[in-house]
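Please go through the assignments in this model one at a time. For each, I would like the value and the rule that it meets.

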Amino acid sequence: MSHVGIIGGGLGGLAAAATLAARGHKVTLLEKNGWLGGKAAVLEEEGFRFDMGPTILTMPRVLERVFAEAGRDIADYLDLRRLDPQWRCFYDDGTVLDLRDDPKLAAREIGRLSPEDEAGFERFMKVADRLSDVSDRFFFWRSVEDLRDTMDLKQNMSLETLRDVMALRMHRTVAGQIKRDVRDPRVQQMLEHFIQYVGSSPLASPAVLCGIAQMQQGEGVWYPMGGTRAVPQALVRLGEELGVDYRTGVDVEGIELEGGRAAAVRLASGERMAFDRIVSNMDSVRTYRELIGGDAWKRFGHKNREAACSGVVLYLGLREAYDHLAHHNFVFSRDPQEEFRAIYDRGVPAPDPTAYIAAPARTEAAVAPEGGEALYVLVHTPYLRDGQDWARMLPEYRKVILRKLGRAAGMDDLEDRIAFERALTPQDIHERYKVLNGAIYGLASHGRVNGAFKPGNRSRQVPGLYLAGGSAHPGPGMPMALMSGWIAADSLDGDSVSNVAAE
Ligand SMILES: Cc1cc2nc3c(=O)[nH]c(=O)nc-3n(C[C@H](O)[C@H](O)[C@H](O)COP(=O)(O)OP(=O)(O)OC[C@H]3O[C@@H](n4cnc5c(N)ncnc54)[C@H](O)[C@@H]3O)c2cc1C
C-alpha cells in the first residue's frame, strides 16, 4: 500500500487520514497549527469553554461512515444529542418562531405565524427532500467537478434521468424556489438562511441547494457532548488506533512534482518529504496557487472561483445565562435583501446583520461557571476585500451587533453580563487556517447552473494529488468537509488498487 502525505488536519484531512489508514495505507498528516481539527477549534479560559468555529452538527451519518470504514461504532467515540428546537428565530418585529425537530410540528409552528404557509412549508420540504435525494444519488460520495461527472447523460438518458435533471431546477435560485412555496417574509427569511451554511447568497445560489433544508429537517441537529471539538478529537483517536502519524507545527510550503506527478512536499523548515500520493486539506485555490503554481495553477481555472463569506465571532462569557434562548438561535436582520446585497454584492458588512447565537449551557452546563453561559455570536461578513482592516473595524461593528441583540432578542443588558470576551475576525480566520480571503465556507456557491460544483477531489491537473476540505467537492460545513475527506481517500485508494492491478 502507498505512503500518503496529508497537508492539513481540518475535518477533511482527519476524515481522509482515518479512512486511508482503515484501508491499509501508511498515513502521515502535517498540520501547521499546534492543534488538530482546523476551524473546529476550542477556546477555554476563565471557566468558559467555547467552540470557536462550527457549532451546528448535521448529517451524523457521514461521520458514522468514516468510523464504519474501520469497523467501529461511532457511539463508542461520541455522545451525540439531538436538539429540539433546531433553531429559535427572533425577528425585528418581535416575533419568535421555533424551527421544531419534528417536521409536522415545524409546519404547525409556522402555521401559527402564517396559516397558509403550513402547507407551503410542507410543499417546500417535499421539494427539498427530492433535491436531497438527487444529491445523494448523483453528487455525494464520489469525486465530482461538473455536471458531466454526475450523470452520464449520453449513456443513461432515460425518462428517470430526465426527471432527475428537471428536479435540479437549474433555472431557479434558492430564493426563487422559497418564494414559490411560502408567502410570509419571516418564513422565507428563515428558510433562506439554510444557504448560509455554505456562506452564499440565496439570491445567487442554485435551487438544488434547497436540499440542505431536508438534510437538517430530516436528519436532525446534533450536539456532541464536549462540544463540536469532540468530533476532531474522536477522529484523531480513531486515526491513532489505526496508526496515523500526526505531526503538528509543520507548515507545508510546496508540493514537488516529478514527471508532472505529486511526489513530495517541501516544509517551511526546508525539509523534503517524499510520498506516493498527497492529499491537500488546504484551501483548494491556495493549494494550486501557492503550493504548486506553474502550468497546473493556470489550468486550474481559478478565475471562476470566488470566496464564500467570512464572519466575525464574539465569544462572550456571561455571569448569568439568558433563559429565553434555545441552544441555537438566529436574530434576523430587518431586511434580508439589504443584508445579502451588502455582504455578497457590495462587499461591506451589513448595516443591520443577522446574528447567530449558540447558548450551549442549556445542553451541557459544564461550558460555563454555574448559572453562566458561554455565548457564541456569529455574524457573516463579506470575504476580505482590499483595504478592510478588521482590527480597526471590529470595535464599531461589535457595537452594531450588541445593539441588534439588545433590540431584537431581548438582551439589552448583555454588556453588563459579560465577564469574559474574545473575538475572531475575518483577518484572524484568514491567518489561522490559510483560507481564501478569510472565507469561512470555502468557495461561494453562486451561479444557477454551476454554483453547486467545486474542484473535484481527484485533481484533474496533477496526478497523485487529491483535495479534501470545504473548498473542494462537495463543499463546506462539517458533514460536507468530512465527506470530502472520505471521497479523497476513496478515490486515492481506488487509484492505487487499479495501479497495482495494472503493474
Ligand atoms: C466561525 C465559523 C463557524 C462555522 N459554523 C459552522 C456550523 O455551525 N456548522 C458547520 O457544519 N460548519 C460550520 N463552519 C464551517 C466548518 O467549520 C468548515 O466547513 C470545516 O470545519 C472545514 O473543514 P476543512 O476540512 O476544510 O478544514 P479547515 O478547518 O479549513 O482546516 C484546514 C487545516 O489545514 C491546515 N493547513 C492549511 N494549509 C496548510 C499548510 N500549507 N501546511 C500545513 N497545514 C496547513 C490549517 O492550519 C487547518 O488546520 C464554520 C466555520 C467557522 C470558521
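Q: Where does Asn437 lie, and what makes its phi worth noting?
A: In this predicted model, Asn437 sits in the loop between helix 17 and strand 20. Its phi is near 50°, a positive value in a residue other than glycine.

Q: Why is Asn437 called partly exposed?
A: The relative accessible area of Asn437 is 29%. Buried would need under 20% and exposed over 50%, so Asn437, at 29%, is partly exposed.

Q: Why does Glu46 count as exposed?
A: Its relative accessibility is 54%. The cut-off for exposed is over 50%, therefore Glu46 counts as exposed. Glu46 is placed in the loop between strand 3 (42–45) and strand 4 (48–51), and it has a positive phi of about 50° although it is not a glycine.

Q: Why is His380 called buried?
A: His380 has 10% relative accessibility, and buried means under 20%, so the residue counts as buried. It is found in strand 18.

Q: What makes the pairings of the His380 side chain with Gln196 and Tyr441 polar contacts?
A: The contact between the side chains of His380 and Gln196 is 3.0 Å, and the one with the side chain of Tyr441 is 2.8 Å. A polar contact needs a pair of N or O atoms within 3.5 Å, one able to donate a hydrogen and the other to accept it. Both pairs are listed as polar contacts on that basis.

Q: How do you know that the peptide bond from His473 to Pro474 is cis?
A: Its omega is near 0°. Pro474 is in the loop between strand 20 (465–467) and helix 18.

Q: What is the omega of the bond that joins Asp84 and Pro85?
A: Omega is about 0°, and this bond is also cis. Pro85 is in the loop between strand 6 (80–82) and strand 7 (87–90).

Q: How does the reach of helix 15 compare with the span expected of it?
A: Helix 15 (residues 390–408) has 19 residues and reaches 25 Å from its first C-alpha to its last.

Q: Where does helix 15 bend, and what is found at its start and after it?
A: The bend is about 30°, at Glu396. At the start, a side-chain oxygen of Asp389 comes to within 3.1 Å of the backbone nitrogen of Ala391. Gly410, with a positive phi near 60°, follows the helix.

Q: Which backbone atoms lie close enough to oxygen atoms of the ligand to fall within the 3.5 Å cut-off?
A: A polar backbone atom of Thr55 is 3.1 Å from a ligand oxygen. A backbone N or O atom of Gly470 lies 2.8 Å from an oxygen atom of the ligand, and one of Gly477 also lies 2.8 Å from a ligand oxygen. Taken alone the ligand exposes 1,000 Å², of which the protein buries 96%.

Q: What makes a residue part of the shell around the ligand, and how many residues are there?
A: One of its heavy atoms must lie within 4 Å. There are 37 residues around the ligand, and Gly12, Glu31, Lys39, Gly470 and Met478 come nearest. By class, 19 are nonpolar, twelve polar and six charged. Helix 18 gives the most, with three residues.

Key: Residues numbered from 1 in each chain as written. Predicted model: local features only at pLDDT ≥ 70, side-chain atom pairs only at ≥ 80, totals over all residues. Heavy atoms only, no water. Helix = DSSP H or I, 4+ residues; strand = E, 2+ residues; numbered from the N terminus. Expected span 1.5 Å × (residues − 1). Bend = angle between axes of the 7 residues up to and from the residue. Areas by Shrake-Rupley, 256 points an atom, 1.4 Å probe, with all protein chains shown as cover. Nonpolar A, V, L, I, M, F, W, Y, C, P; charged D, E, K, R; others polar. Buried < 20%, exposed > 50% of the residue type's maximum accessible area, 1.4 Å probe, protein only.
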